[in-house]
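Q: I would like to learn how to read a protein model step by step. Could you walk me through this one?

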Amino acid sequence: MLDTRITRTETGLAFSVYRKPTHTDQHLQFNSHQPLEHKPGVLRTLTHRAKTICSTDTAREEELQHIKKVLSVSGYQKWAWDIPGGKKTIPHPSTQRQTQSRGHVSMPYVSGVTEALSRKIQKLGVSVHAKPTNTIRSQLVHPKDKTDKLDTSGVIYQIDCQDCDQSYIGVTERNLQKRLKEHKVLPSGRLNI
């Protein structure tokens, strides 16, 4: 019953789309740097939810009007509504065999470049999936703290001599700090990892 409001009526139960009071109605902006096929996906998802959850024509029409209003603020034009409304046709078995995919390729989305590459790769029978890579999430969210260099293991390191221009290069699979203690050196600007 996800996203569903259930109302008791005189004739039984009525279903409509439910949003939390804190819902912001923010969706993927149409002019954002995203693959074009992702944008009709927003329309398809929201209209499919409205058509499958709403049990009355009135609730369905109200939800569709709400979606149009919200997405028009996000830059979706009138022509975009025609994309998801098409009927899905079942391909003939003979053409389906010819268009079976030889594999899948996932590539970063770069406007203008990805589309051209996708067309060429798809001619070879390989499915192409474009994904945005430089997102706000990738810029702001770093789930792990950076490990201190001295706490790393499996590294190649270089220790420069204080008294001459010689240096020692070593490899260790153990904790670097422990290995440096064995060398009896304090890495104060003389250690390269």
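Q: How many helices and strands does the protein chain have?

A: Helices (H or I, at least four residues) and strands (E, at least two) are DSSP runs, numbered from the N terminus. In this case the protein chain has six helices and seven strands. Along the sequence, they come in the pattern β-β-α-α-α-β-α-β-α-β-β-α-β. This is a predicted model, where local features need pLDDT of at least 70 and side-chain atom pairs count only at pLDDT 80 or more, while totals for chains, interfaces and linings use all residues. Residues are numbered from 1 along each chain as its sequence is written, and side-chain values use heavy atoms, with hydrogens and water left out.

Q: What pLDDT does the protein chain average, and where does pLDDT stay under 50?

A: pLDDT is the predictor's confidence in each residue, from 0 to 100. Here the average for the protein chain is 81, and 84% of the residues score at least 70. Over residues 84-89, pLDDT stays under 50, and the model has three contacts for them beyond four places in sequence. A contact means heavy atoms within 4.5 Å. Where pLDDT is low, the predicted coordinates should not be read in detail.

Q: What percentage of the residues is buried?

A: Buried means under 20% relative accessible area, exposed means over 50%, and partly exposed lies in between (1.4 Å probe, protein chains only). By that rule, buried residues make up 24% of the 193 residues in the protein chain. The chain exposes about 15,100 Å², with 53% of it supplied by carbon and sulfur atoms; such areas come from the Shrake-Rupley method with a 1.4 Å probe, and for residues only the protein chains shown count as cover.

Q: Of the contacts between residues at least 6 apart in sequence, what percentage joins residues at least 24 apart?

A: For the protein chain, that share is 47%.

Q: How many aromatic pairs does a search of the whole structure find?

A: Rings of Phe, Tyr and Trp (its six-membered ring) pair if their centres lie within 6.5 Å; planes under 30 degrees apart count as stacked, over 60 as edge-to-face and the rest as tilted. The search finds two such pairs. Phenylalanine 30 is buried at 15% relative accessible area, and tyrosine 76 is buried at 4%.

The other pair, tyrosine 157 with tyrosine 168, is tilted, at 6.3 Å centre to centre and 50° between the planes. Tyrosine 157 lies in strand S5 (residues 153-160) and tyrosine 168 in strand S6 (residues 167-175), so the pair ties together parts that are 11 residues apart in sequence. Tyrosine 157 is buried, with 1% relative accessible area, whereas tyrosine 168 is partly exposed at 40%.

Q: Which residue lies over the face of phenylalanine 30?

A: A charge sits over a ring if NZ of Lys or CZ of Arg is within 6 Å of the ring centre and within 35 degrees of the ring normal. Here lysine 39 lies over the face of phenylalanine 30, at 5.3 Å from the ring centre.

Q: Which backbone oxygen does the side chain of threonine 4 reach?

A: A polar contact is a pair of N or O atoms within 3.5 Å; within protein, one must be able to donate a hydrogen and the other to accept it, and residues adjacent in sequence count only if both atoms are side-chain atoms. The side chain of threonine 4 reaches the backbone oxygen of leucine 2 at 3.1 Å. Threonine 4 is in strand S1 (residues 4-9) and is buried, with a relative accessible area of 18%. Leaving out residues up to four places away in sequence, threonine 4 touches Phe15, Ser16, Tyr18 and Ile53.

Q: What is phi of aspartate 3 near?

A: Most residues other than glycine have a negative phi, and most peptide bonds are trans. Aspartate 3 has a positive phi, near 60°, and lies in the segment before S1. Phi of aspartate 25 is also positive, near 60°; aspartate 25 is in the loop between S2 and H1.
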